[in-house]
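User: I have a model open and would like to learn how to read it. Can we go through its features step by step?

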Amino acid sequence: MSAAANQAIIRRFLTEVWNGRDLAVADELCAPAYARDERRALAALTRAFPDLWLTVDAQVAGGETVMTSATLRGTHEGPLALSFLPRGGLAPTDARIAVRAVFVHRIIGNQIQQEGSWSIVDWLGLLLQLGAYPAPPES
């Protein structure tokens, strides 16, 4: 597939699955292991941020790889449970957040693959915005 076609797959995935919460599209566009993991991630984040919205800031593609820079925005209205947080997670704060992320997706045979796909999310920035981690002192 062309780089443009792969970008279109990822844009559809982010728009319809992440923003539209249409999990059937995840099953259509993703290999089974990746669809399962994305369902879990989306469920955890939308429990904490019911109004979670992802905006694509930039996207580049080459071969079977698509890299997307994005911003996640939402309001912390539910418990936030992430693997690196204490058991029980963070109680809702009603804080509005804007967190940057980079997603790298690998597409083979029109399906987003688990292997070769990864993400970087500014988790520290999220914790700072939620007041769960002290801000560094001003110098």
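Predicted model: local features only at pLDDT ≥ 70, side-chain atom pairs only at ≥ 80, totals over all residues.

User: In which sense do strands β1 and β2 run, and how many bridges join them?

Analyst: They run antiparallel, and 9 bridges join them. Strand β1 covers residues 53–62, and β2 covers residues 65–75.

User: Which strand pairs with β2 over 11 bridges?

Analyst: That is strand β3, residues 96–108, again in the antiparallel sense. Look at Arg73: its bridge partner in β3 is Ala98.

User: How many residues of β2 are buried?

Analyst: The count is 8 of its 11 residues, so the strand is mostly covered; buried means under 20% relative accessible area.

User: Now the rings. How do I describe a pair of aromatic rings?

Analyst: Use the distance of the centres and the angle of the planes. The count here comes to 1 aromatic pair. The rings are those of Phe13 and Tyr34, with centres 6.2 Å apart. Their planes are at 45°, so the pair is tilted. The pair links distant parts of the chain, 21 residues apart. Phe13 lies in helix α1 (residues 3–19) and Tyr34 in helix α3 (residues 32–48).

User: Are Phe13 and Tyr34 buried or exposed?

Analyst: Phe13 is buried, with a relative accessible area of 0%. Tyr34 is buried too, at 9%.

Notes: Residues numbered from 1 in each chain as written. Heavy atoms only, no water. Buried < 20%, exposed > 50% of the residue type's maximum accessible area, 1.4 Å probe, protein only. Helix = DSSP H or I, 4+ residues; strand = E, 2+ residues; numbered from the N terminus. Pairing = 2+ DSSP bridges. Phe/Tyr/Trp six-rings, centres within 6.5 Å; stacked < 30°, edge-to-face > 60°.
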